[in-house]
Amino acid sequence: MEKPMIDQCRHISFFTGKRGGFTHMVPIIQKIDADPLLEYSIIAADMHMASLFGKTIQDVKDFSDRVYTVETLMHSDSRLSRAKSIGICILGVSELLSQIRPDLFFILGDRGEVLGAAICAMEMNIPIVHIFGGDVTQGGVDEPVRHALTKIANIHLASNQDSADRIIQMGEEPWRVHNVGSPVLDLINQRCFSNPGEVAEKFKLDLKKPIVLLLQHSVTWQVDDAEHQIKETLKALVPLGYQTVAVYPCADPGYSVIIRELENMTKHAWFQVYPNLDYRDFWGLMNISSAFVGNSSAGVLESASFKIPFINIGIRQEGRLRAENVIDVDHESQKIRESIELAIHDEPFRKRVENCVSPFGDGYASDRIVSILKGLELNDKILSKQITY
């Protein structure tokens, strides 16, 4: 069926600033693209544009030809540069929104560039749809940013009932809040990832031996500790000598020392590191890994679907809902090493992991989300927020 002209469609503009966040949007955009009454555009900024992090804007453009870009990321990992990058984001996104003039603005998560983009839409009276509000973490500024986005947004898509309840407790009107689950599980349930043979060949891995997937970010409330924290993790891995595939952290302050230490580890034949991985390969690695190590939200949100243990290091995901495959540990090398060994070799724990169930939905989140986007009444009521207490 041919789509109507753009002015007859409901236009949803998606904002993305990083690789992982965009993956969550993919199944939603696919369904919008198949619907004759909906239209979309994508605004990509921040990490997507940086060569250091794999220039993932190319992945976004390979996925769609309806992409607008904003250069926002400054080439420094200082706090000052991060603050300036958000300011640049506001300038660029406001210009694009004035050109695109979408009916809805779709944002995800808890990052500073998302807050900058949301401010633009709010000031331009474009209703904002926010997914992953109500979650709890202690990883730094992401925590207050997430809740600030909740107060700015007009429609809330929670990944679980606990988060939906928190949004309502923050004074949001219940009709605005929907528990939809995590859309990334839609793709995982559809097995949209590289098969074991392809992954083993591409990354030169022996499937008969332990494999560790490593992704550790800086903690924005503990930036000065980033070097010590990554060194403790790597110190835990060295005596084990397990095949390890590491991925660069996101562009939060403190990332440069983490990248430096990861690159230094490539002197070990069993260690390899990549600025970025296509989500199909990333999940393909997760699918064959013996354990996932670090502090990434992917460990909490996605690893349970692959029935692998996640060794969650430090406070970055503290308080976040998780399945029974998660082992929480401090930034201490001995404890990290012991946790990895338990995760890989302890049979009772492995059995528990095999039986774990993701608390983030059933793999049909994108169907619910598109239905909500189509059914919203776009009138003064959606913009006129009222606190409920």
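Reader: At what angle do the axes of H13 and helix H14 cross, and within what distance do they come?

Author: In this predicted model, the axes of H13 and H14 cross at roughly 70 degrees and come within 6 Å. H14 covers residues 347-354.

Reader: What do we call that, roughly perpendicular or roughly parallel?

Author: Angles from 65 to 115 degrees count as roughly perpendicular, so H13 and H14 are roughly perpendicular to each other.

Reader: Which residues meet there?

Author: On the H13 side they are Leu-342, Ala-343, Ile-344 and His-345. From H14 come Glu-347, Phe-349 and Arg-350. By class, the contact of H13 with H14 has four nonpolar residues, one polar and two charged.

Reader: And H9 with H13, how do the axes of those two cross?

Author: Their axes cross at roughly 50 degrees and come within 8 Å. H9 is made of residues 226-237, and H13 of residues 333-345.

Reader: Why are H9 and H13 oblique to each other?

Author: The ranges decide that: under 35 degrees is roughly parallel, 65 to 115 is roughly perpendicular, over 145 is roughly antiparallel, and the rest is oblique. The axes cross at roughly 50 degrees, so H9 and H13 are oblique.

Reader: Is the crossing left-handed or right-handed?

Author: H9 passes H13 in a right-handed crossing.

Reader: Who touches whom in H9 and H13, that is, which residues meet?

Author: H9 brings Glu-232, Thr-233, Lys-235, Ala-236 and Leu-237. H13 brings Ser-333, Ile-336, Arg-337 and Ile-340. Sorted by class, the residues of this contact are four nonpolar, two polar and three charged.

Reader: Take Ser-333 then. Buried or exposed?

Author: Ser-333, which lies in helix H13, has 9% relative accessibility and therefore counts as buried. Leaving aside residues up to four places away in sequence, Ser-333 touches Glu-232, Lys-235 and Ala-236.

Reader: Which loop has Leu-205 in it?

Author: Leu-205 is in the loop between helix H8 (196-203) and strand E8 (211-215). With 10% relative accessibility, Leu-205 counts as buried.

Reader: What does Leu-205 touch?

Author: Not counting residues up to four places away in sequence, Leu-205 touches Ala-200, Ile-211, Gln-243, Val-245, Gln-272, Leu-285 and Ile-288. The C-alpha atoms of Leu-205 and Thr-244 are separated by 9.1 Å, and these two residues are 39 residues apart along the chain.

Reader: Now the backbone. What is the phi of Arg-101?

Author: Phi of Arg-101 is near 50 degrees, which is a positive value in a residue other than glycine. Arg-101 is placed in the loop between helix H3 (79-100) and strand E4 (104-108). Its relative accessible area is 67%, so Arg-101 is exposed.

Reader: And Asn-125, what is its phi, and where is it placed?

Author: Asn-125 has a positive phi of about 60 degrees, although it is not a glycine. Its place is in the loop between helix H4 (112-123) and strand E5 (128-131). Asn-125 counts as exposed because its relative accessibility is 54%.

Note on methods:
Residues are numbered from 1 along each chain as its sequence is written. This is a predicted model: local features need pLDDT of at least 70, side-chain atom pairs count only at pLDDT 80 or more; totals for chains, interfaces and linings use all residues. Side-chain values use heavy atoms; hydrogens and water are left out. Axes are lines fitted to C-alpha atoms, for helices over the stretch in contact, and angles run from 0 to 180 degrees between N-to-C directions. Helices (H or I, at least four residues) and strands (E, at least two) are DSSP runs, numbered from the N terminus. A crossing is left-handed if the near helix is turned anticlockwise from the far one by less than a right angle, and right-handed if clockwise. Contact means heavy atoms within 4.5 Å. Ala, Val, Leu, Ile, Met, Phe, Trp, Tyr, Cys and Pro count as nonpolar, Asp, Glu, Lys and Arg as charged, and the others, Gly among them, as polar. Buried means under 20% relative accessible area, exposed over 50%, partly exposed in between (1.4 Å probe, protein chains only).
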